[in-house]
Structures are given as structure tokens and as C-alpha cells.
Amino acid sequence: MNENNRISELKSLLQPGGRILVMDGAMGTAIQGKDLGPVDFGGPEYEGCNEYLIITRPDVISDIHQSYLDSGADIIETNTFGATSVVLAEYDLSHEASRINIEAALLARKVADQSSQPNKPRFVAGSMGPTTKTISVTGGITFDELATAYEEQAAGLIEGGVDLLLLETSQDTINVKAGLNGIDRALSKLNLDIPIAVQGTIEPMGTLLAGQDAEALYTSLAHRDLLWIGFNCATGPEFMTDHIRTLAALSRFPTACIPNAGLPDEDGKYNETPEMLASTLGRFIESGWVNVIGGCCGTGPEHIQLLAETVQQKSTRVSQELSETRVSGIEALVVD
């Protein structure tokens, strides 16, 4: 299946009459479980830079991708969560940003294609994390600097063959808009049209780190043509209930819920079992709130396998078409 056909198939699956898609589980905690040492990362100075494993240990990343595909995932994410020059600069690797993104996408594309079947195509999402800087919280970077970094990342992921670009774990809507601006620049230069999805992360206090709630985040992005909008990371699925319900009632786009395996305990362990995760997400499915589900921190192949079983024969959410005028800052306002 060529790229255009894959993207058309992906879009059609998210429409009424399609099915609920399952994304993969955590990459970071899966890497931690491999007990890698400094040599695996290319030296002690690069230890902890998971993205550099694309260059030094691509076999490890390939195995993780394959484990999620074997568990039934429809979509795998590239190992590029922190692969902007902004983050890689912390390891003096900013000059490798383009290469890492290209190679990560090529690797994921190869594994996904090998696992694709006519009745179950597999897709690749180009993971674009929030970076280590938030414009409206920490500062330390300008909008244009961040957009330029995202442009470079997007271009590399597109060259490597991703089916969509995913701005995920978003904590600051201004960062998201910088990301969208950078993606737009890359697509314009390449004269291509690749779908874009956005996932925010709601903290336990009920908002993004920068202060927006679910309604305000959606309102800030409703003018875009998004493949989906949703939430990932931060908390377990139970804490996401109100936010996903709010988003599902508003969004003209498909919606996604990609939670952690609960909140980490004092030892940093995630204790939500596959059965617990599937039970809560199953309730979201029965309520008609989601089009895409998956797992974030602490989730593994066992979680994804049970989620893949949970979505069988289930109806996908129908997008909303609301005729109203909304604006938002920190909070949303309906102009009526």
C-alpha cells in the first residue's frame, strides 16, 4: 500500500462506519526495562537519550515496535518524543536531529509494513513531544525558535515515511501552535499534505500545565483540520473521565485517550494492570467517547493486547458538529 492509500485508509477508519484504532504502549518505560548501559547509548555522555538509540541500538527499538504490533496495535509511534534540536542540545546532539528523525521513521515504517495485512493495515505516527521548554511557563525559547525546531523534526519524520504527525503530551497551547506552525512550514516546502493529530496532557489539578482545561484546549485548536485531538500521559484513565467526556461532547474531530498505567507510586512504578486499564477505557468506548485508544507511561504489550481485544465489534465515536461561536484564553467562552 503506497503512502497516499495508507493515509486515505487511516482517515476512513476514523469516520463513521470505521473502527476504534489502537495505538501502541509506552516507549520510554519499555526502554528502561531493557537494562541498557552507557555502551548501548554510544557512551556515558549520551546515556538517557532514548532517541539516540535509533543510531546506536536500532534493534532494541525495532523489537519494542514489533512487540506492540504483535499485541494488535494499529498505530506505532516513532522513537522521537525528544528528537527536536531543542532537547537533543542537552546531549550536544542537536546537529543529529534530522538524521535521528529520518532513521526513526524509516525503522518504524519497515516494521509496520512487515506486519501489515490487507484486513489490518498498520500505521506510523511521528512522535513530536513538548520539548523541555514551555513558552508561557518556563520561557527560555521564542515562538519562532520552537517552530523552527519542529519544522526540522517534521521534515525528517515525513522523509522517513510516517503516516501522521502527532504533537503529544502537550502542556502549553502556545507550544502546540508553534509546533503546528513548524509543521505547516515543512509541508509547504515539501508540497505535501500529511495528517496532524494533537494530544494534550491534563495534570491532576485538572488543566494543562499552562492552565487551560479540556474545553479551552479544544476551542484554541478547533479551527485546524486535525486527524484527531485527545489526551495522553499525566494520569491514569479514571482521572481522565471528565476531560474525555467534555472533549467528546465538543469535538468535530475524532478523539483519543492514551493514558498512563495509573499515577506512579513512590518508587516510580505504574501499577494499573491491563485489566484495570481495559475496564476504564471500555467504559469510555461504551459511552461513545473515543475513536483512538492506547497506552502511555507504564503500559506494555499486555495492556495493548487487552485493549485490542476490547475494541472488537465496538462502535466508534461520531464527531460533533456544533453551531456556536467559541473563543478561549485560559478558559473557553461561548459567545451567545
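Predicted model: local features only at pLDDT ≥ 70, side-chain atom pairs only at ≥ 80, totals over all residues.
Local features require pLDDT of at least 70 and side-chain atom pairs pLDDT 80 or more, whereas totals for chains, interfaces and linings use all residues. Residues are numbered from 1 along each chain as its sequence is written, and side-chain values use heavy atoms, without hydrogens or water.

Helices (H or I, at least four residues) and strands (E, at least two) are DSSP runs, numbered from the N terminus. Strand β5 spans residues 196–200.

Strands pair if DSSP finds at least two bridges between them. β5 runs parallel to β4 (residues 164–170), with four bridges; L165 is the bridge partner of I196. Four bridges also join β5 to β6 (residues 228–232), again in the parallel sense. There, V198 partners I229.

The model holds 17 salt bridges (a side-chain nitrogen of Lys or Arg within 4 Å of a carboxyl oxygen of Asp or Glu). One of them joins D163 to R6, with the closest N and O atoms 2.7 Å apart. This pair links the loop between α7 and β4 to helix α1, 157 residues apart. Both D163 and R6 are buried. K189 and E151 also meet in a salt bridge, at 2.7 Å from N to O. K189 lies in helix α8 and E151 in helix α7, 38 residues apart.

Note on methods
Buried < 20%, exposed > 50% of the residue type's maximum accessible area, 1.4 Å probe, protein only.
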